[in-house]
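Here is a short report on a single chain. It moves from the overall fold to the cores and then to one residue.

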Amino acid sequence: MKLKELTDTSLKAYLGESGKPTVLVFHSTWSKPARTMVPVIKDIAESYGELVRFALVNAETAPDALNRFGILSLPSYLLFKNGRLTDRFIGLLTKETLTERVEKSLAKM
């Protein structure tokens, strides 16, 4: 599955275009933990299908988003519902742990 890659320009519109829960994954090519998580994210995104949207935000092409959301570590995961930030977590996670965190966040929405 190909994940949408967002930039500062496309991020705001993307968050506003759907009422579905959205997971943004902030990453970069220079961060080994972030690079490691991209295939895991793709796998998880496939398992959710149309229920949850997943997108990547490259720190190199979205510096304003990093500042806006206070991203200090990569990878960082931000969960949104109706364009509003509802949860966030960071770091190198197993597929099981990341799925569990997303599920827990979705249950709170």
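From the N terminus, the elements of the chain follow the order β-α-β-α-β-α-β-β-α. That makes 4 helices and 5 strands. Both kinds are DSSP runs, numbered from the N terminus: helices are H or I with at least four residues, strands are E with at least two. The radius of gyration is 13 Å, close to the 13 Å from the globule rule for 109 residues, so the chain is as compact as a globular protein of that length. The radius is taken over C-alpha atoms, and the rule is 2.2 Å times the number of residues to the power 0.38.

The model is predicted: local features need pLDDT of at least 70, side-chain atom pairs count only at pLDDT 80 or more, and totals for chains, interfaces and linings use all residues. Residues are numbered from 1 along each chain as its sequence is written, and side-chain values use heavy atoms, with hydrogens and water left out.

**Whole-chain values**

| Property | Value |
|---|---|
| C-alpha box along the principal axes | roughly 30 × 30 × 25 Å |
| Buried residues | 45% of 109 residues |
| Accessible surface | about 6000 Å² |
| Carbon and sulfur share of that surface | 55% |

Buried means under 20% relative accessible area, exposed over 50%, and partly exposed in between (1.4 Å probe, protein chains only). Areas come from the Shrake-Rupley method with a 1.4 Å probe; for residues, only the protein chains shown count as cover. Among contacts with a separation of 6 or more, 68% join residues 24 or more positions apart. Contact means heavy atoms within 4.5 Å.

**Cores**

The largest nonpolar core has 19 residues, and I41, F54, Y77, F89 and L98 touch the most other members. At least two residues of this core come from each of β2 (22–27), α2 (32–48), β3 (53–58), β4 (76–81) and α4 (95–108). Helix α2 gives the most, with 7 residues. A core is a set of buried Ala, Val, Leu, Ile, Met, Phe, Trp, Tyr and Cys residues joined through side-chain atoms within 4.5 Å.

Beyond its neighbours within four places in sequence, F54 contacts L3, K4, Y14, V23, I41, I44, A45 and Y48. A second, separate core holds 18 residues, including F26, A55, F69 and L74.

**A34**

A34 sits in helix α2. Its relative accessibility is 1%, so A34 counts as buried. Leaving out residues up to four places away in sequence, A34 touches H27, S28, L74 and P75. A34 and F69 are 35 residues apart in sequence, with 17 Å between their C-alpha atoms.
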